[in-house]
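Me: I have a structure open and want to go through some of its local features. Can you take my questions as they come?

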Amino acid sequence: MSWQEYYKQHCVSAAEAVRMIHSNDVVAIGHAAGEPSALIDAMVGNAENLHGVELLHMVLLGKGPYLDEQMKEHFRHNSLFVGGAARKAVERGQADFTPCYFHRVPELLRTTLQPDVAMIMVSPPDEEGNCSLGVSVDYTMAGALAAKTIIAQVNRHMPRCHGDCFLKVTDIAALVEHDQPLIELQPAVVGETERAIGRNCASLIRDGDCLQLGIGALPDAVLMCLHDKNDLGLHTEMFSDGAIDLIRDGNINGRRKTLHPCKHVSTFLMGTQRLYDFVDDNPSVYMAPVDYVNNPWVIGQNDNLVSINSCVQIDLTGQVCSESVGLRQISAVGGQVDFIRGASLSKGGRSIIAVGSTAAGGRISKIVPVLDEGAAVTTNRMDVEYVVTEYGVADLKGKTLRERAAALIQIAHPDFRPILTEVYTQRFHQKWAV
Ligand code: COA
(Lines give C-alpha, C1' and ligand atoms only; values in the text may rest on other atoms or scores of the structure.)
Protein backbone atom coordinates (compact mmCIF):
# COMPACT_ATOMS: atom_id res chain seq x y z
CA MET A 1 0.00 0.00 0.00
CA SER A 2 1.35 3.46 -0.82
CA TRP A 3 1.90 5.85 2.07
CA GLN A 4 -0.82 8.07 0.61
CA GLU A 5 -3.38 5.26 0.85
CA TYR A 6 -2.16 4.40 4.36
CA TYR A 7 -2.52 8.07 5.33
CA LYS A 8 -6.12 8.23 4.08
CA GLN A 9 -7.05 5.04 5.92
CA HIS A 10 -5.50 6.15 9.21
CA CYS A 11 -6.62 9.76 9.19
CA VAL A 12 -9.16 10.09 12.02
CA SER A 13 -10.62 12.71 14.33
CA ALA A 14 -8.89 13.50 17.61
CA ALA A 15 -11.82 11.96 19.53
CA GLU A 16 -11.46 8.70 17.59
CA ALA A 17 -7.67 8.62 17.94
CA VAL A 18 -7.62 8.95 21.72
CA ARG A 19 -9.87 5.91 22.05
CA MET A 20 -6.64 3.98 21.45
CA ILE A 21 -5.64 5.00 25.01
CA HIS A 22 -6.90 2.59 27.66
CA SER A 23 -7.09 2.71 31.44
CA ASN A 24 -3.72 2.11 33.15
CA ASP A 25 -1.80 2.82 29.95
CA VAL A 26 1.46 4.76 30.05
CA VAL A 27 1.39 7.65 27.57
CA ALA A 28 4.45 9.65 26.46
CA ILE A 29 3.50 13.16 25.37
CA GLY A 30 5.45 15.25 22.86
CA HIS A 31 7.66 17.83 24.53
CA ALA A 32 7.49 21.60 25.09
CA ALA A 33 6.42 23.50 21.96
CA GLY A 34 5.90 20.13 20.25
CA GLU A 35 3.01 19.32 22.56
CA PRO A 36 0.03 17.93 20.62
CA SER A 37 -2.56 20.18 22.29
CA ALA A 38 -5.53 18.93 20.24
CA LEU A 39 -4.82 15.34 21.26
CA ILE A 40 -4.34 16.26 24.93
CA ASP A 41 -7.68 18.08 24.92
CA ALA A 42 -9.39 15.10 23.27
CA MET A 43 -7.85 12.68 25.78
CA VAL A 44 -9.00 14.82 28.69
CA GLY A 45 -12.42 15.03 26.99
CA ASN A 46 -12.56 11.23 27.18
CA ALA A 47 -11.52 11.17 30.86
CA GLU A 48 -14.73 9.48 32.05
CA ASN A 49 -13.66 6.34 30.17
CA LEU A 50 -10.11 6.38 31.55
CA HIS A 51 -8.62 5.53 34.93
CA GLY A 52 -5.03 5.46 36.14
CA VAL A 53 -3.43 6.63 32.90
CA GLU A 54 0.20 7.65 33.52
CA LEU A 55 1.40 10.63 31.48
CA LEU A 56 5.13 11.09 30.84
CA HIS A 57 6.31 14.56 29.97
CA MET A 58 9.07 17.08 30.55
CA VAL A 59 8.82 20.85 29.97
CA LEU A 60 5.13 21.67 30.08
CA LEU A 61 4.38 24.86 28.11
CA GLY A 62 0.66 24.26 27.69
CA LYS A 63 -2.10 24.35 30.28
CA GLY A 64 -1.84 20.69 31.24
CA PRO A 65 -5.62 20.15 31.68
CA TYR A 66 -4.94 16.61 32.98
CA LEU A 67 -3.42 18.27 36.08
CA ASP A 68 -6.78 19.67 37.25
CA GLU A 69 -7.73 18.29 40.65
CA GLN A 70 -10.91 16.71 39.15
CA MET A 71 -8.66 14.63 36.87
CA LYS A 72 -6.95 12.90 39.81
CA GLU A 73 -8.57 9.49 39.34
CA HIS A 74 -8.16 9.54 35.59
CA PHE A 75 -4.58 10.71 35.02
CA ARG A 76 -1.35 10.72 36.97
CA HIS A 77 1.41 12.90 35.59
CA ASN A 78 4.98 11.63 35.85
CA SER A 79 7.14 14.64 35.19
CA LEU A 80 10.78 14.33 34.21
CA PHE A 81 11.17 18.10 34.52
CA VAL A 82 9.06 20.18 36.86
CA GLY A 83 8.13 23.44 35.20
CA GLY A 84 5.10 25.64 34.70
CA ALA A 85 1.78 24.06 35.54
CA ALA A 86 3.40 20.84 36.77
CA ARG A 87 5.02 22.55 39.80
CA LYS A 88 1.82 22.97 41.77
CA ALA A 89 0.59 19.47 40.94
CA VAL A 90 3.89 17.97 42.15
CA GLU A 91 3.70 20.12 45.30
CA ARG A 92 0.20 18.93 46.18
CA GLY A 93 1.12 15.31 45.51
CA GLN A 94 -1.02 14.89 42.41
CA ALA A 95 1.96 14.44 40.10
CA ASP A 96 5.30 12.67 40.44
CA PHE A 97 8.80 13.71 39.54
CA THR A 98 11.42 11.31 38.18
CA PRO A 99 14.99 12.68 38.31
CA CYS A 100 17.02 11.77 35.22
CA TYR A 101 19.79 13.26 33.11
CA PHE A 102 18.13 14.46 29.93
CA HIS A 103 20.36 12.36 27.67
CA ARG A 104 19.28 9.23 29.57
CA VAL A 105 15.53 9.82 29.19
CA PRO A 106 15.26 7.94 25.86
CA GLU A 107 16.91 4.90 27.43
CA LEU A 108 14.53 5.15 30.38
CA LEU A 109 11.61 5.20 27.95
CA ARG A 110 12.91 2.13 26.12
CA THR A 111 13.73 0.06 29.20
CA THR A 112 11.84 1.19 32.29
CA LEU A 113 8.98 3.54 31.51
CA GLN A 114 7.93 1.72 28.33
CA PRO A 115 5.00 3.79 27.06
CA ASP A 116 1.99 2.02 25.57
CA VAL A 117 1.06 5.09 23.56
CA ALA A 118 2.96 8.13 22.29
CA MET A 119 0.98 11.29 21.51
CA ILE A 120 3.09 13.56 19.36
CA MET A 121 2.88 16.41 16.88
CA VAL A 122 4.43 16.26 13.42
CA SER A 123 4.69 18.34 10.27
CA PRO A 124 2.61 17.21 7.26
CA PRO A 125 4.34 14.45 5.27
CA ASP A 126 6.72 15.28 2.43
CA GLU A 127 6.42 13.61 -0.97
CA GLU A 128 8.02 10.43 0.40
CA GLY A 129 5.71 10.23 3.42
CA ASN A 130 8.23 11.52 6.00
CA CYS A 131 6.92 13.69 8.84
CA SER A 132 9.31 15.89 10.78
CA LEU A 133 9.18 15.97 14.57
CA GLY A 134 10.04 19.62 14.10
CA VAL A 135 10.82 21.62 17.22
CA SER A 136 10.81 18.67 19.64
CA VAL A 137 12.93 15.66 18.79
CA ASP A 138 14.53 15.25 22.25
CA TYR A 139 12.82 12.27 24.00
CA THR A 140 9.80 12.52 21.68
CA MET A 141 11.46 10.37 19.02
CA ALA A 142 12.42 7.65 21.53
CA GLY A 143 8.99 7.82 23.18
CA ALA A 144 7.35 7.30 19.80
CA LEU A 145 9.62 4.44 18.77
CA ALA A 146 9.27 2.73 22.17
CA ALA A 147 5.47 2.98 22.23
CA LYS A 148 3.19 0.25 20.90
CA THR A 149 0.93 2.89 19.35
CA ILE A 150 1.76 6.32 17.95
CA ILE A 151 -0.97 8.92 17.67
CA ALA A 152 0.12 12.06 15.82
CA GLN A 153 -1.39 15.50 15.41
CA VAL A 154 -0.46 16.55 11.88
CA ASN A 155 -0.08 20.32 12.04
CA ARG A 156 0.99 22.50 9.14
CA HIS A 157 2.33 25.03 11.67
CA MET A 158 4.91 22.48 12.88
CA PRO A 159 8.16 23.50 11.15
CA ARG A 160 9.67 20.93 8.87
CA CYS A 161 13.00 20.81 10.66
CA HIS A 162 15.91 18.90 9.20
CA GLY A 163 18.18 16.32 10.83
CA ASP A 164 17.62 12.97 12.51
CA CYS A 165 14.01 13.85 13.18
CA PHE A 166 11.68 12.09 10.75
CA LEU A 167 9.03 9.42 11.21
CA LYS A 168 7.29 7.64 8.36
CA VAL A 169 3.54 8.09 8.04
CA THR A 170 3.30 4.29 8.07
CA ASP A 171 4.83 4.18 11.59
CA ILE A 172 1.88 6.15 12.92
CA ALA A 173 -1.30 4.34 13.95
CA ALA A 174 -3.62 7.36 13.95
CA LEU A 175 -3.12 10.66 12.11
CA VAL A 176 -5.17 13.64 13.25
CA GLU A 177 -5.09 16.68 11.00
CA HIS A 178 -5.37 19.69 13.22
CA ASP A 179 -3.66 22.99 12.41
CA GLN A 180 -2.87 25.31 15.25
CA PRO A 181 0.00 27.73 15.93
CA LEU A 182 2.69 26.31 18.21
CA ILE A 183 2.83 27.48 21.80
CA GLU A 184 5.14 30.47 21.98
CA LEU A 185 7.66 31.35 24.65
CA GLN A 186 8.19 35.09 24.77
CA PRO A 187 11.76 36.32 25.28
CA ALA A 188 12.56 36.95 28.94
CA VAL A 189 13.06 40.51 30.13
CA VAL A 190 16.76 41.31 30.23
CA GLY A 191 17.55 43.87 32.93
CA GLU A 192 20.79 45.53 34.02
CA THR A 193 21.76 42.58 36.26
CA GLU A 194 21.34 40.10 33.42
CA ARG A 195 23.32 42.37 31.09
CA ALA A 196 26.21 42.52 33.57
CA ILE A 197 26.15 38.72 33.88
CA GLY A 198 26.03 38.48 30.08
CA ARG A 199 29.10 40.70 29.76
CA ASN A 200 31.00 38.66 32.36
CA CYS A 201 30.11 35.42 30.53
CA ALA A 202 31.09 36.94 27.19
CA SER A 203 34.54 37.68 28.65
CA LEU A 204 35.06 33.90 28.83
CA ILE A 205 33.92 33.28 25.24
CA ARG A 206 36.41 33.37 22.39
CA ASP A 207 36.07 33.46 18.61
CA GLY A 208 35.46 29.95 17.28
CA ASP A 209 33.83 28.62 20.47
CA CYS A 210 30.89 26.24 20.25
CA LEU A 211 28.08 27.23 22.59
CA GLN A 212 25.40 25.54 24.65
CA LEU A 213 22.89 27.94 26.12
CA GLY A 214 20.26 27.11 28.69
CA ILE A 215 16.89 28.68 29.03
CA GLY A 216 15.66 32.10 30.25
CA ALA A 217 16.88 35.67 30.54
CA LEU A 218 20.53 34.81 31.12
CA PRO A 219 21.19 33.02 27.81
CA ASP A 220 19.52 35.92 26.01
CA ALA A 221 21.70 38.37 27.92
CA VAL A 222 24.83 36.42 26.97
CA LEU A 223 23.79 36.37 23.31
CA MET A 224 23.32 40.15 23.39
CA CYS A 225 26.99 40.47 24.29
CA LEU A 226 28.35 38.34 21.45
CA HIS A 227 27.96 40.71 18.52
CA ASP A 228 31.73 41.33 18.39
CA LYS A 229 32.60 37.59 18.28
CA ASN A 230 33.17 35.55 15.13
CA ASP A 231 32.87 31.99 13.91
CA LEU A 232 30.85 30.83 16.90
CA GLY A 233 29.01 27.52 16.71
CA LEU A 234 25.97 25.97 18.36
CA HIS A 235 25.73 22.49 19.82
CA THR A 236 23.00 23.02 22.34
CA GLU A 237 20.06 21.36 24.01
CA MET A 238 17.80 24.18 22.86
CA PHE A 239 17.95 27.65 21.44
CA SER A 240 15.51 30.46 21.23
CA ASP A 241 14.89 33.74 19.39
CA GLY A 242 18.06 35.27 20.86
CA ALA A 243 20.27 33.23 18.52
CA ILE A 244 18.57 34.26 15.26
CA ASP A 245 20.21 37.66 14.77
CA LEU A 246 23.66 36.29 15.60
CA ILE A 247 23.17 33.58 12.98
CA ARG A 248 21.83 36.02 10.38
CA ASP A 249 24.65 38.50 11.11
CA GLY A 250 27.23 35.72 10.72
CA ASN A 251 28.60 35.81 14.29
CA ILE A 252 27.33 32.25 14.67
CA ASN A 253 28.25 30.34 11.51
CA GLY A 254 29.56 27.02 12.85
CA ARG A 255 32.55 27.21 10.51
CA ARG A 256 35.07 26.16 13.15
CA LYS A 257 32.97 23.38 14.65
CA THR A 258 34.77 20.04 14.86
CA LEU A 259 31.48 18.08 14.82
CA HIS A 260 28.72 18.95 12.36
CA PRO A 261 30.54 22.00 10.95
CA CYS A 262 28.22 24.78 9.74
CA LYS A 263 25.20 23.13 11.39
CA HIS A 264 23.36 24.54 14.40
CA VAL A 265 22.71 21.39 16.41
CA SER A 266 19.83 21.25 18.87
CA THR A 267 17.38 18.76 20.33
CA PHE A 268 14.42 21.06 20.95
CA LEU A 269 13.42 24.65 20.28
CA MET A 270 11.19 27.05 22.18
CA GLY A 271 10.51 30.63 21.23
CA THR A 272 8.19 32.84 19.26
CA GLN A 273 6.74 32.36 15.79
CA ARG A 274 9.86 34.17 14.49
CA LEU A 275 11.98 31.23 15.66
CA TYR A 276 9.56 28.65 14.28
CA ASP A 277 9.64 30.42 10.87
CA PHE A 278 13.44 30.61 11.00
CA VAL A 279 13.92 26.86 11.53
CA ASP A 280 11.27 25.77 9.02
CA ASP A 281 12.96 23.95 6.13
CA ASN A 282 16.28 25.48 7.20
CA PRO A 283 19.03 22.97 6.41
CA SER A 284 21.56 24.77 8.62
CA VAL A 285 19.57 23.71 11.69
CA TYR A 286 20.20 20.07 12.61
CA MET A 287 17.69 18.55 15.03
CA ALA A 288 18.44 15.19 16.63
CA PRO A 289 17.35 13.04 19.58
CA VAL A 290 18.59 14.02 23.04
CA ASP A 291 20.51 10.78 23.60
CA TYR A 292 22.74 11.98 20.76
CA VAL A 293 22.81 15.77 21.20
CA ASN A 294 23.18 15.72 25.00
CA ASN A 295 25.44 12.69 25.24
CA PRO A 296 28.55 14.03 27.01
CA TRP A 297 30.83 11.98 24.72
CA VAL A 298 29.19 13.52 21.65
CA ILE A 299 29.27 17.02 23.16
CA GLY A 300 32.96 16.52 23.94
CA GLN A 301 33.75 15.96 20.25
CA ASN A 302 33.16 19.67 19.78
CA ASP A 303 36.41 21.48 20.56
CA ASN A 304 36.05 24.64 22.66
CA LEU A 305 32.56 23.77 23.84
CA VAL A 306 31.31 26.40 26.28
CA SER A 307 28.23 25.52 28.31
CA ILE A 308 26.21 28.22 30.06
CA ASN A 309 23.56 27.26 32.58
CA SER A 310 21.95 28.76 35.63
CA CYS A 311 21.15 27.72 39.18
CA VAL A 312 19.03 28.46 42.24
CA GLN A 313 21.78 28.30 44.90
CA ILE A 314 25.47 27.56 45.19
CA ASP A 315 27.24 26.83 48.44
CA LEU A 316 30.72 28.05 49.35
CA THR A 317 32.30 24.75 48.31
CA GLY A 318 30.78 24.91 44.80
CA GLN A 319 27.80 22.54 45.14
CA VAL A 320 25.16 23.77 42.73
CA CYS A 321 21.41 23.40 43.22
CA SER A 322 19.53 24.20 40.01
CA GLU A 323 16.24 22.47 40.55
CA SER A 324 14.70 23.06 43.96
CA VAL A 325 14.18 25.70 46.59
CA GLY A 326 14.83 23.57 49.63
CA LEU A 327 12.51 20.61 49.24
CA ARG A 328 10.27 22.37 46.73
CA GLN A 329 11.01 20.99 43.28
CA ILE A 330 10.82 23.87 40.78
CA SER A 331 12.78 22.47 37.87
CA ALA A 332 15.13 19.57 37.12
CA VAL A 333 18.62 18.80 35.97
CA GLY A 334 17.59 18.93 32.29
CA GLY A 335 20.76 19.00 30.23
CA GLN A 336 22.84 20.96 32.72
CA VAL A 337 25.12 18.13 33.84
CA ASP A 338 25.16 16.56 30.36
CA PHE A 339 26.73 19.74 29.01
CA ILE A 340 28.98 20.49 31.97
CA ARG A 341 30.45 17.01 31.63
CA GLY A 342 30.55 17.34 27.84
CA ALA A 343 32.43 20.63 28.17
CA SER A 344 34.97 18.93 30.45
CA LEU A 345 35.57 16.29 27.74
CA SER A 346 35.94 18.95 25.04
CA LYS A 347 39.42 20.09 24.05
CA GLY A 348 39.51 23.72 25.20
CA GLY A 349 36.02 23.33 26.72
CA ARG A 350 34.69 25.46 29.57
CA SER A 351 31.52 25.33 31.64
CA ILE A 352 29.83 28.31 33.21
CA ILE A 353 27.17 28.54 35.88
CA ALA A 354 25.70 32.01 35.40
CA VAL A 355 23.47 33.32 38.15
CA GLY A 356 22.20 36.57 39.65
CA SER A 357 23.78 37.08 43.06
CA THR A 358 20.40 37.41 44.82
CA ALA A 359 16.80 36.20 44.68
CA ALA A 360 13.52 37.57 46.06
CA GLY A 361 14.24 41.17 45.14
CA GLY A 362 17.68 41.15 46.76
CA ARG A 363 16.55 39.67 50.09
CA ILE A 364 18.23 36.28 49.59
CA SER A 365 21.79 35.53 48.53
CA LYS A 366 22.13 32.76 45.96
CA ILE A 367 25.67 32.18 47.20
CA VAL A 368 25.17 30.54 50.57
CA PRO A 369 27.27 28.91 53.32
CA VAL A 370 25.30 25.65 52.92
CA LEU A 371 22.46 24.68 50.61
CA ASP A 372 18.94 24.91 52.03
CA GLU A 373 17.71 21.80 53.82
CA GLY A 374 16.34 19.44 51.19
CA ALA A 375 17.96 21.22 48.23
CA ALA A 376 19.14 18.82 45.53
CA VAL A 377 22.76 18.95 44.41
CA THR A 378 22.31 19.20 40.66
CA THR A 379 25.92 19.83 39.63
CA ASN A 380 28.40 18.52 42.13
CA ARG A 381 31.47 20.41 43.21
CA MET A 382 33.82 18.14 41.26
CA ASP A 383 32.09 19.10 38.02
CA VAL A 384 31.61 22.83 38.52
CA GLU A 385 34.07 25.18 36.82
CA TYR A 386 33.31 28.89 36.27
CA VAL A 387 30.64 30.65 38.31
CA VAL A 388 29.56 34.05 37.02
CA THR A 389 27.41 36.70 38.70
CA GLU A 390 26.91 40.38 37.92
CA TYR A 391 29.92 41.03 40.19
CA GLY A 392 32.45 38.92 38.32
CA VAL A 393 33.83 35.49 37.55
CA ALA A 394 34.93 32.78 40.01
CA ASP A 395 37.06 29.99 38.58
CA LEU A 396 36.62 27.00 40.91
CA LYS A 397 38.45 24.36 38.88
CA GLY A 398 41.35 22.84 40.79
CA LYS A 399 40.74 25.14 43.76
CA THR A 400 40.79 24.12 47.43
CA LEU A 401 37.63 24.53 49.51
CA ARG A 402 39.20 27.65 51.03
CA GLU A 403 40.05 29.15 47.64
CA ARG A 404 36.58 28.34 46.31
CA ALA A 405 34.90 30.05 49.22
CA ALA A 406 37.09 33.12 48.78
CA ALA A 407 36.42 33.27 45.03
CA LEU A 408 32.66 32.92 45.54
CA ILE A 409 32.49 35.55 48.29
CA GLN A 410 34.12 38.02 45.89
CA ILE A 411 31.29 37.61 43.37
CA ALA A 412 28.49 37.55 45.97
CA HIS A 413 26.27 40.59 46.44
CA PRO A 414 28.14 43.17 48.61
CA ASP A 415 25.32 43.09 51.19
CA PHE A 416 26.01 39.41 51.89
CA ARG A 417 29.79 39.43 51.77
CA PRO A 418 30.28 40.28 55.50
CA ILE A 419 28.18 37.32 56.69
CA LEU A 420 29.79 34.97 54.18
CA THR A 421 33.20 36.20 55.33
CA GLU A 422 32.28 35.40 58.95
CA VAL A 423 31.33 31.89 57.87
CA TYR A 424 34.66 31.63 56.05
CA THR A 425 36.57 32.62 59.21
CA GLN A 426 34.73 30.06 61.35
CA ARG A 427 35.04 27.32 58.81
CA PHE A 428 38.66 27.72 57.82
CA HIS A 429 39.94 29.08 61.14
CA GLN A 430 41.54 32.10 59.58
CA LYS A 431 40.57 35.61 58.74
CA TRP A 432 39.93 36.71 55.20
CA ALA A 433 39.10 40.28 54.39
CA VAL A 434 36.88 41.11 51.47
N1 COA B 1 15.89 31.09 47.06
C2 COA B 1 14.54 31.18 46.96
N3 COA B 1 13.88 31.26 45.80
C4 COA B 1 14.61 31.23 44.67
C5 COA B 1 16.01 31.14 44.69
C6 COA B 1 16.65 31.07 45.95
N7 COA B 1 17.97 30.96 46.04
N8 COA B 1 16.45 31.14 43.42
C9 COA B 1 15.38 31.21 42.62
N10 COA B 1 14.27 31.28 43.38
C11 COA B 1 12.90 31.35 42.89
C12 COA B 1 12.66 32.62 42.11
O13 COA B 1 12.29 33.70 42.94
C14 COA B 1 11.56 32.19 41.16
O15 COA B 1 10.34 32.16 41.87
P16 COA B 1 8.95 32.52 41.12
O17 COA B 1 8.83 31.54 39.98
O18 COA B 1 7.94 32.33 42.18
O19 COA B 1 9.15 33.93 40.65
C20 COA B 1 11.92 30.74 40.87
O21 COA B 1 12.70 30.29 41.97
C22 COA B 1 12.73 30.57 39.55
O23 COA B 1 13.89 31.35 39.67
P24 COA B 1 14.46 32.26 38.48
O25 COA B 1 15.74 32.83 38.96
O26 COA B 1 13.42 33.20 37.99
O27 COA B 1 14.63 31.16 37.38
P28 COA B 1 15.22 31.21 35.92
O29 COA B 1 14.11 31.32 34.96
O30 COA B 1 16.35 32.18 35.78
O31 COA B 1 15.81 29.73 35.84
C32 COA B 1 16.75 27.80 36.85
C33 COA B 1 16.79 29.31 36.75
C34 COA B 1 17.93 27.34 37.68
C35 COA B 1 15.45 27.34 37.52
C36 COA B 1 16.84 27.22 35.40
O37 COA B 1 18.01 27.67 34.81
C38 COA B 1 16.82 25.71 35.38
O39 COA B 1 15.76 25.14 35.39
N40 COA B 1 18.00 25.05 35.37
C41 COA B 1 18.12 23.62 35.40
C42 COA B 1 17.98 22.98 34.06
C43 COA B 1 19.06 23.39 33.12
O44 COA B 1 20.04 23.99 33.46
N45 COA B 1 18.89 23.06 31.87
C46 COA B 1 19.90 23.41 30.90
C47 COA B 1 19.56 23.35 29.52
S48 COA B 1 17.99 24.08 29.03
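Me: How many of the eight residues of helix 8 (residues 217-224) are buried?

Reply: Seven of them, so helix 8 is largely enclosed by the rest of the structure. Keep in mind that this is a predicted model.

Me: Which residues in helix 8 are buried?

Reply: Ala217, Leu218, Pro219, Asp220, Ala221, Val222 and Leu223.

Me: What about helix 13 (residues 336-345), how many of its ten residues are buried?

Reply: Seven, so helix 13 is also largely enclosed by the rest of the structure. The buried ones are Gln336, Val337, Asp338, Phe339, Ile340, Gly342 and Ala343.

Me: Which elements do those buried residues of helix 13 pack against?

Reply: On the helix side, helix 11 (290-293) and helix 12 (296-299). The strands are strand 11 (210-213), strand 17 (305-309), strand 19 (320-321) and strand 22 (350-354).

Me: Staying with strand 22, is Ser351 buried or exposed?

Reply: Ser351, which lies in strand 22, is buried, with a relative accessible area of 2%.

Me: What is Ser351 in contact with, leaving aside neighbours within four places in sequence?

Reply: Ser307, Ile340, Ala343, Asp383, Glu385 and Tyr386.

Me: Switching to the ligand. Which of the 21 residues around it come nearest?

Reply: Asn309, Val312, Ser331, Ala332 and Gln336.

Me: Which atom of Gln336 lies 2.9 Å from an oxygen atom of the ligand?

Reply: A polar side-chain atom. Val312 uses its backbone instead: an N or O atom there lies 2.9 Å from a nitrogen atom of the ligand.

Me: And how far is the side chain of Lys366 from a ligand oxygen?

Reply: An N or O atom in that side chain of Lys366 is 3.3 Å from an oxygen atom of the ligand.

Me: OK, loops. Where is Thr236 found?

Reply: In the loop between strand 12 (233-234) and strand 13 (238-239). Thr236 counts as buried, at 1% relative accessibility.

Me: Which backbone atoms lie close to a polar atom of the Thr236 side chain?

Reply: The backbone nitrogen of Leu213 is 3.2 Å from a polar side-chain atom of Thr236. The backbone oxygen of Met238 is 2.8 Å from a polar atom of that side chain.

Me: What else is Thr236 in contact with, leaving aside neighbours within four places in sequence?

Reply: Besides Leu213, the contacts of Thr236 are Leu211, Gln212, Val265, Ser266, Thr267, Val293 and Phe339.

Me: Where is the place of Leu259?

Reply: Leu259 sits in the loop between helix 9 (242-248) and strand 14 (264-266). At 13% relative accessibility, Leu259 counts as buried.

Me: What does Leu259 touch, not counting residues up to four places away?

Reply: His235, Tyr292, Val298, Gln301 and Asn302. As for Asn294, 35 residues from Leu259 along the chain, the two C-alpha atoms are separated by 13 Å.

Me: Backbone angles now. Which residue other than glycine has a positive phi near 45 degrees?

Reply: Ala32. As background, most residues other than glycine have a negative phi. Ala32 is in the loop between strand 1 (26-29) and helix 3 (37-45), and is buried with a relative accessible area of 0%.

Me: What is phi for His429?

Reply: About 55 degrees, positive although His429 is not a glycine. His429 is in the segment after helix 15 and is exposed, with a relative accessible area of 71%.

Me: At what angle do helix 14 (residues 401-410) and helix 15 (residues 417-428) cross?

Reply: Their axes cross at roughly 170 degrees and come within 10 Å. That makes helix 14 roughly antiparallel to helix 15.

Me: Which residues make the contact?

Reply: From helix 14, Leu401, Arg402, Ala405, Ala406, Ile409 and Gln410; from helix 15, Arg417, Leu420, Thr421, Tyr424 and Phe428. By class, that contact has seven nonpolar, two polar and two charged residues.

Conventions:
Residues are numbered from 1 along each chain as its sequence is written. This is a predicted model: local features need pLDDT of at least 70, side-chain atom pairs count only at pLDDT 80 or more; totals for chains, interfaces and linings use all residues. Side-chain values use heavy atoms; hydrogens and water are left out. Axes are lines fitted to C-alpha atoms, for helices over the stretch in contact, and angles run from 0 to 180 degrees between N-to-C directions. Helices (H or I, at least four residues) and strands (E, at least two) are DSSP runs, numbered from the N terminus. Angles under 35 degrees count as roughly parallel, over 145 as roughly antiparallel, 65 to 115 as roughly perpendicular and the rest as oblique. Contact means heavy atoms within 4.5 Å. Ala, Val, Leu, Ile, Met, Phe, Trp, Tyr, Cys and Pro count as nonpolar, Asp, Glu, Lys and Arg as charged, and the others, Gly among them, as polar. Buried means under 20% relative accessible area, exposed over 50%, partly exposed in between (1.4 Å probe, protein chains only). A residue is near a molecule or strand if one of its heavy atoms lies within 4 Å of it. A polar contact is a pair of N or O atoms within 3.5 Å; within protein, one must be able to donate a hydrogen and the other to accept it, and residues adjacent in sequence count only if both atoms are side-chain atoms.
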